[in-house]
Amino acid sequence: MRRLIPALTLSSLLIGLPVAGVTLVGLSSSGALAQAIDMSHGEQVHISSAGPQTYDHDAQTVTFVDQARAVRGDVTIDADQLIGFLRKKAPDPNAPPPPQGDSKADNGKGDGDGAMGGSMELYRMEAIGHVHIYTSTDQAWGDKALYDIDQAVLVMTGKALKLTTPQDVMTARDVMEYHANTRMSVGRGDATVTTNDGKRIKADVLVAFSKPDNAGPAQAKTASGSDGSAQRSSKLDRAYAWGHVMLRTPNETATGDRGVYVFDTQMARLIGHVHVTSGQNQNNGASAIVNMKTGVAIMNPAPGQRVEGMVIPNEASSSKPGETHP
């Protein structure tokens, strides 16, 4: 059963809903730290749109079209269409049972207390078309996004996938994921992370971990100007790469089959068919530890093999005394 309901009527179906849209109670992830682009914790989720809102009683979904927007705390989702997936909240084990004969009690069919089946909670959101997810510091773009509030996982697909922070930019061709509980960002398909200082990491699959936010409630309040659920930009700690891995600085390029890069130390380890190029000089081996800050690389050969390299001598060093070159 699908119902096309104007905003005013739909708003009257849920307790405390503004006329402009719908405010739903989302799940709270206990103990979760405030992270960038994380809607798994906080207070209510406010969803609104310029067009009609459709409530599907059988599917337990509410759909918003035309300039749809969902807001929870510092996180906003804009899209052509937003679909909220609802379910009945589990009863509070500490709450007293409702009196018998109460018209608001559940009648066993899930239809108690209003047309939406009683106290509902939002456990998943789907955004379709021109998706833009952002906080005061971080932004993400895609054609489609699915946010699982239970798992605190965001999955984005489409063309021109992009995630930006003040420190770096991540892009991918096929899929981008953000796992808030583990502070993990995943790019699949020609994935790239580019830092503000010109370093680039590229691979078929990139998995980057952000540093934990250790700010206390007082610092959080200062940063957000509200409560302790401040949303601060995540800073990358390390990145793991698989398949056609390339690390590039303005002066050096290193490639391999897989690798790991630590952002603070700017140290990288590459394994498998490793090539390190600096200018016209190149070294090849089975694995390498590369300092992307200084350009110094320690190359290791495969068992029973040699490290190979090509070094182009400086023309000036081969000049005879007194000779000059234009």
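## Strand 8 and its partners

Strand 8 and strand 10 (residues 161-164) are paired in the antiparallel sense over three bridges, where two strands are said to pair if DSSP finds at least two bridges between them. Helices (H or I, at least four residues) and strands (E, at least two) are DSSP runs that are numbered from the N terminus. Within this pairing, Ala-140 has Leu-163 of strand 10 as its bridge partner.

This is a predicted model, in which local features need pLDDT of at least 70 and side-chain atom pairs count only at pLDDT 80 or more, while totals for chains, interfaces and linings use all residues. Residues are numbered from 1 along each chain as its sequence is written, and side-chain values use heavy atoms, with hydrogens and water left out.

Strand 8 (residues 139-148) also runs antiparallel to strand 7 (residues 120-134), to which nine bridges join it. A hairpin with four residues connects strand 7 to strand 8, and in this pairing Ile-128 stands opposite Lys-144 of strand 8. Strand 9 (residues 153-157) is a further antiparallel partner of strand 8, with five bridges between them, and here Ala-145 stands opposite Met-156 of strand 9.

## Two residues with positive phi

The hairpin of strand 8 and strand 9 has four residues between the strands, and Ala-152 lies in this loop. Ala-152 has a positive phi of about 55°, although it is not a glycine. Is Ala-152 buried or exposed? Ala-152 counts as buried because its relative accessibility is 1%; the terms used here are buried for under 20% relative accessible area, exposed for over 50% and partly exposed in between (1.4 Å probe, protein chains only).

His-273, which lies in strand 17 (residues 267-278), has a positive phi of about 50° and is likewise not a glycine. His-273 is exposed, with a relative accessible area of 61%.

On a 1 Å grid over the protein atoms alone, a cavity is a set of points where a 1.4 Å probe fits but cannot get out, and lining residues have an atom within 4 Å of a point.

Ala-140, Leu-154, Met-156, Leu-163, Met-176, Glu-177 and Tyr-178 line the second largest cavity. Strand 9 and strand 12 (175-179) are the elements that give two or more residues to this lining, and strand 12 gives the most, with three residues. The lining divides into six nonpolar residues, no polar ones and one charged, where Ala, Val, Leu, Ile, Met, Phe, Trp, Tyr, Cys and Pro count as nonpolar, Asp, Glu, Lys and Arg as charged, and the others, Gly among them, as polar. Ala-140 and Leu-163, which belong to this lining, are also the bridge partners described above for strand 8 and strand 10.

## The chain as a whole

The chain has two helices and 20 strands, and buried residues make up 43% of its 326 residues. The chain exposes about 17400 Å², of which carbon and sulfur atoms supply 53%; accessible areas come from the Shrake-Rupley method with a 1.4 Å probe, and for residues only the protein chains shown count as cover.

How values were computed: 1 Å grid on protein atoms, 1.4 Å probe; cavity = no way out; pocket = protein on both sides within 12 Å on 5 of 7 lines; lining within 4 Å.
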